[in-house]
Amino acid sequence: MTLELFGHPFSSYTWKALIALYEAGTAFTFRNIAGNEYPENEAAFLAYWPVGKFPLLVEDGVPIMESSIIIEHVAPDLVPADRDAAREVRMLDRVFDNNVMTPMQAVVAEHLPFITETPDPNRIARARAALDKVYPWLDARLAGRRWAAGDSFTLADCSGAPSLFYADWVQPIPEELSALKEYRVRVLARPSVARVVDEARPYRHFFPLGAPDRD
Ligand SMILES: N[C@@H](CCC(=O)N[C@@H](CS)C(=O)NCC(=O)O)C(=O)O
């Protein structure tokens, strides 16, 4: 079997899939589509998935898109068998993607000249407000938990780690939300997560708002 993951080492959704692959210890080839460094990878990626959203997994020539679907495919153990526990994991995965990753990316997009020539302050304010709304909810949900959905590291942590990593850069998590802040520290120390953070260090200068000198 051949397994290839197309993605960018600094991309939050690519991290999500990489964390799961590292957790599962699965052998795969990473096909970096960063900038113009690897044109053959980008051409192969777009041939499989013209929409151009990454990550993309290709297993024996079969393309599999969407990070959560990729994770359930390569690391099924990251979703518990129990129906209620699985619902909590999948729900938090959606919350992290839709309510943390999306507004975080909206702020970033407003600072990318090839997407928006003139940053829209209203759009930025709305995205920051969306983060401020979800942070207290997450803080309450994570209180008393080691990992996002309880005692085990799951799919929800694969999305929690990258979304909170970047969201805190864009709109810092308030000090008083200690459960959320501590979770972010804990999940960034997990070896699979620390590995993606380290692999992305050479790309930090691309962060359009200016990467903070931490993490
Ligand atoms: N729902 C998708 C989202 C993927 C996504 O938005 N990826 C970003 C990179 S982090 C991307 O492809 N950006 C490039 C673009 O939108 O053209 C998933 O979970 O895989």
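This is a predicted model: local features need pLDDT of at least 70, side-chain atom pairs count only at pLDDT 80 or more; totals for chains, interfaces and linings use all residues.
Residues are numbered from 1 along each chain as its sequence is written, and side-chain values use heavy atoms, without hydrogens or water.

**Ligand site**

Now pick out the polar contacts (pairs of N or O atoms within 3.5 Å). Start at Ser67: an N or O atom of its side chain is 2.6 Å from a ligand oxygen. Go to Glu66, where a side-chain N or O atom lies 2.7 Å from a ligand nitrogen. Then take Lys53, with 2.8 Å between a side-chain N or O atom and a ligand oxygen. The protein buries 73% of the 510 Å² that the ligand exposes when taken alone; these areas come from the Shrake-Rupley method with a 1.4 Å probe.

Switch to a surface. The ligand sits in the largest pocket. A pocket is an open set of points on a 1 Å grid over the protein atoms alone, with protein on both sides within 12 Å along at least five of seven lines, tested with a 1.4 Å probe. "Sits in" requires more than half of the molecule's atoms within 2 Å of the grid points.

**Backbone stops**

Select Phe54 and Pro55. A cis peptide bond joins them, with omega about 15 degrees. Pro55 lies in the loop between helix H2 (39–48) and strand E3 (56–59). Helices (at least four residues) and strands (at least two) are DSSP runs, numbered from the N terminus.

Move to Asp60, in the loop between E3 and strand E4 (62–65). Its phi is near 50 degrees, positive in a residue other than glycine. Asp60 is partly exposed at 47% relative accessible area. Buried means under 20%, exposed over 50%, partly exposed in between (1.4 Å probe, protein chains only).

**After H8**

Select Arg204, in the segment after helix H8 (191–199). Arg204 counts as buried because its relative accessibility is 13%. Next is Phe207, buried at 6%.

Finish at Asp215, in the segment after H8. Its phi is positive, about 65 degrees, although Asp215 is not a glycine.

Key:
A polar contact is a pair of N or O atoms within 3.5 Å; within protein, one must be able to donate a hydrogen and the other to accept it, and residues adjacent in sequence count only if both atoms are side-chain atoms. On a 1 Å grid over the protein atoms alone, a cavity is a set of points where a 1.4 Å probe fits but cannot get out, and a pocket is an open set with protein on both sides within 12 Å along at least five of seven lines; lining residues have an atom within 4 Å of a point.
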